[in-house]
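User: Let's walk through this protein together. I'd like to start with the overall fold and then zoom in.

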Amino acid sequence: MTDEGDVHERAEALKRLRSLLESMGSSKVTLIGDVMLDRYHHGFANNLDSTAPVPVLKILSSEETPGAAAHIAMGLNSLGLSVSLHCCVGDDREGRVIIEKLSADGIGTSGIDIVPGRSTLTKIRFYGSRESLLDKSQILLQADRGPRDDLPEGVSASLTASALSSLSDSCAIVLSDYDRGVLTTDGAQSLIKVASDAGVPVIMDPKLTGLDRSRGADAVLFEIRGLDLLRRRLTASDQAEAARSLIKTYDWGAMLVLGGVHGVTLYQADGEPMHLPCSTDAPLQQIGLHDAAATALAAALGNGHSMADAATLAAAACECVLSAEASHEFVNRTTLGIWLDELAWQLQISDR
């Protein structure tokens with residue numbers, strides 16, 4: 001295909017996706033996986049500690065937001081999709097905050113199991129800037145707090161069963177795996193098989209240590225660093241060869257590789273890789289790329305769009321995250337629509 005043909009096809013894809021956002025109904029997406037609470041502290045770091053060479057952060061503001069699968073649920077809900085969420089939290093304050101914030105957004109929480117005596121995984125990030133100098137803050141430290149014991153097997157089995165019962169009227173299923181116990185190999189494989197038999201697209205964000213759980217998924221998400229690590233393990237000549245090998249080994253429909261400022265690349269069993277360069281002029285942060293991509297893939301594939309269109313929407317969603325002022329923001333219909341319009345305008349300018 002010529003460069004002119006590439007531009008035309010991309011412009012048509014952007015039109016289709018813009019139309020999708022305008023007409024998207026309340027079709028249901030089943031979502032299962034691990035959740036966490038993201039907590040952010042912001043302030044000034046003007047001085048060093050008197051006893052150690054570390055900054056002292058004067059906290060000025062703090063916020064909390066549901067993360068991981070719960071963050072995807074918020075993104076899907078913001079696009080107008082109905083979400084059937086299946087996950088678990090501990091019987092602590094952090095678990096209650098996740099449930100309360102999801103409920104406030106109108107997301108059903110009946111599929112959330114509360115596990116007695118268990119603490120909810122919490123990621124605490126500290127951001128600091130220098131007062132009266134640069135206004136741009138940067139992360140100083142991340143601290144993770146969560147359960148030390150494995151999740152009881154009965155909880156995982158119960159969540160898998162409830163997700164299976166939700167599949168019959170779902171347009172897509174997303175499996176968000178942080179290796180915290182909600183998704184086991186047997187559970188994930190049963191979900192993928194039932195969904196595939198029913199023609200329901202399966203989107204999975206797997207851990208590198210749990211690739212067997214993702215076998216047979218229609219689309220899997222990777223970071224570029226993860227693919228490069230596996231390339232070295234496979235002794236492949238390049239990332240494209242490694243991607244083809246992984247797709248064949250695990251019977252994936254496609255692999256979407258997130259490269260941040262380096263863009264997004266779609267690999268499929270047949271055909272050449274499809275690379276979508278990043279159009280963000282000044283990327284600010286990258287937390288939430290996986291969640292945004294999973295949200296976009298579910299929206300596009302669940303509404304009958306091609307894998308190429310889904311990758312295009314995922315790339316746009318990632319760029320929304322890269323250009324977001326706050327790392328806890330999620331992709332919503334308005335922001336994503338504006339970004340699609342911006343990409344379409346950039347194509348028109350470049351084609352003149």
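User: How many helices and strands does the protein have?

Analyst: This is a predicted model, where local features need pLDDT of at least 70, side-chain atom pairs count only at pLDDT 80 or more, and totals for chains, interfaces and linings use all residues. Residues are numbered from 1 along each chain as its sequence is written, and side-chain values use heavy atoms, leaving out hydrogens and water. Going by DSSP runs numbered from the N terminus (helices are H or I, at least four residues; strands are E, at least two), the secondary structure comes to ten helices and 13 strands.

User: What radius of gyration does the protein have?

Analyst: Taken over C-alpha atoms, the globule rule is 2.2 Å times the number of residues to the power 0.38. For 352 residues, that puts a compact globule near 20 Å, and the protein agrees, at 20 Å.

User: Is E64 buried or exposed?

Analyst: E64 sits in strand β3, residues 55–68. Buried means under 20% relative accessible area and exposed over 50%, with partly exposed in between (1.4 Å probe, protein chains only). E64 has 19% relative accessibility, so E64 counts as buried.

User: Which side chain does E64 join in a polar contact of 2.9 Å?

Analyst: Contact means heavy atoms within 4.5 Å. Leaving aside residues up to four places away in sequence, E64 touches several residues, including L37, D38 and K101. A polar contact is a pair of N or O atoms within 3.5 Å; within protein, one must be able to donate a hydrogen and the other to accept it, and residues adjacent in sequence count only if both atoms are side-chain atoms. At 2.9 Å, the side chain joined to that of E64 is R93.
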